[in-house]
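Student: I would like to go through this model and test each label against its rule. Can we take it step by step?

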Amino acid sequence: MQIVNYDSKLCDLIVGDPTLIAVLNRFGITLGVGDKTIARVCDENGIDKAFLTTILNTYINEDYVPGDGPNHFNAAKIVKYLQQTNAYYEHYLIPNIERHFNFLMLKNEKANASLLIIYRFFIEVKEELMSRIGEDRESLFPKVLKCFADVDVKADANEANAPDAVQEDSIESKISDLLNMFVKHISGEYDANLAHAVLTALYGLKKDINQNNRIRERLLCPIVAAIDASKTCQS
């Protein structure tokens, strides 16, 4: 298991896993990092390097438990990161998939029934994801910020979720079904490049949701549990 530390070079991490570009963008870090280490990039941009390395390790490594690293996480920073993640889904990734899907259907004037069924299922997945984002925005995130704004919450390693505790959620499962349907049932004449673009984007969405679910469950959920257990902090 690769462990990211302050001396890790961002260029090496990005080349090894280009999906990290989207994660780094959520911290305001763009391409053109040269040979700079995480510590240097964070110092130059006013980013908490302990928090960034925790996010990267949790995102990259399925077996990583945040309690093994820095043991204080700022609730507001976690919420901000997840807000940026939701914004990426809502304003970029989902519209990108939908745009390619629409182009694919327009190009395929003799669209078969299965393609239409797959598209309708995609809309169902989209609506479920948008609903969760709405719940985050209207309920969960305000609840966390109300109780723990600017407060460091100690993450007890003994209470952190075990690696096998993060299960595939219904959105991930449905995206897997979408991918399978697309591969197995699309037929007839269609634009191969557009079909590939849809598949690639769907896979990217599934992977990012899976990896960010680890962040939600291993960093945010202990805070939410502390809120629910508190008798003095009400939502």
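Predicted model: local features only at pLDDT ≥ 70, side-chain atom pairs only at ≥ 80, totals over all residues.

Tutor: The mean pLDDT of the chain is 83, and 83% of its residues reach 70 or more.

Student: Where in the chain is confidence lowest, and where highest?

Tutor: Strand E2 is lowest, with a mean of 48, and helix H3 is highest, at 95. Over residues 150-166 pLDDT stays under 50. The model has 33 contacts beyond four places in sequence for that stretch.

Student: What is the overall layout?

Tutor: There are eight helices and two strands in the chain. The order from the N terminus is α-α-α-α-β-α-α-β-α-α. Of the 235 residues, 47% count as buried. The accessible surface is about 12,100 Å², and carbon and sulfur atoms hold 50% of that. Take contacts between residues at least 6 apart in sequence: 81% of them join residues at least 24 apart.

Student: Why is Asp169 called buried?

Tutor: Buried means under 20% relative accessible area. Asp169 has 17%, so the label applies. Asp169 sits in the loop between strand E2 (152-154) and helix H7 (170-185).

Student: Which residues of helix H3 are buried, and what puts them on the same side?

Tutor: In H3 (residues 38-45), Ile38, Ala39, Val41 and Cys42 are buried. Around the axis they cover an arc of only 165 degrees, so they share one side of H3. The general rule is that an α-helix has 3.6 residues a turn, so residues three or four places apart point the same way.

Student: What covers the buried residues of H3?

Tutor: The cover includes helix H1 (10-16) and helix H4 (49-60). Just after H3, Gly46 has a positive phi of about 65 degrees.

Student: Now charges. What makes Lys207 and Asp17 a salt bridge?

Tutor: The rule asks for a Lys or Arg side-chain nitrogen within 4 Å of an Asp or Glu carboxyl oxygen. Lys207 and Asp17 meet at 3.6 Å, N to O, so they pass. Lys207 is in helix H8 (residues 192-229) and Asp17 is in the loop between H1 and helix H2 (20-25), so the pair ties together parts 190 residues apart in sequence.

Student: Why does the Asp208 and Arg26 pair count as a salt bridge?

Tutor: Their closest N and O atoms are 3.1 Å apart, and the limit is 4 Å, so the pair counts. Asp208 lies in helix H8 and Arg26 in the loop between H2 and H3, so this pair ties together parts 182 residues apart in sequence. Asp208 and Arg26 are both buried.

Student: And what makes Glu44 and Arg40 a salt bridge?

Tutor: Their closest N and O atoms are 2.9 Å apart, which is within 4 Å, so the label holds. Both lie in helix H3, four residues apart, about one turn of the helix.

Student: Why are Glu44 and Arg40 called partly exposed?

Tutor: Glu44 has 45% relative accessibility. Arg40 has 47%. Exposed needs over 50% and buried under 20%, so partly exposed is the label for Glu44 and Arg40.

Student: Which residues form a network with them, and how many salt bridges are there by this rule?

Tutor: Lys36, Arg40 and Glu44 are linked in a network of salt bridges. The count comes to 12 salt bridges.

Methods. Residues numbered from 1 in each chain as written. Heavy atoms only, no water. Buried < 20%, exposed > 50% of the residue type's maximum accessible area, 1.4 Å probe, protein only. Contact = heavy atoms within 4.5 Å. Areas by Shrake-Rupley, 256 points an atom, 1.4 Å probe, with all protein chains shown as cover. Arc of directions from axis to C-beta. pLDDT = per-residue confidence, 0-100.
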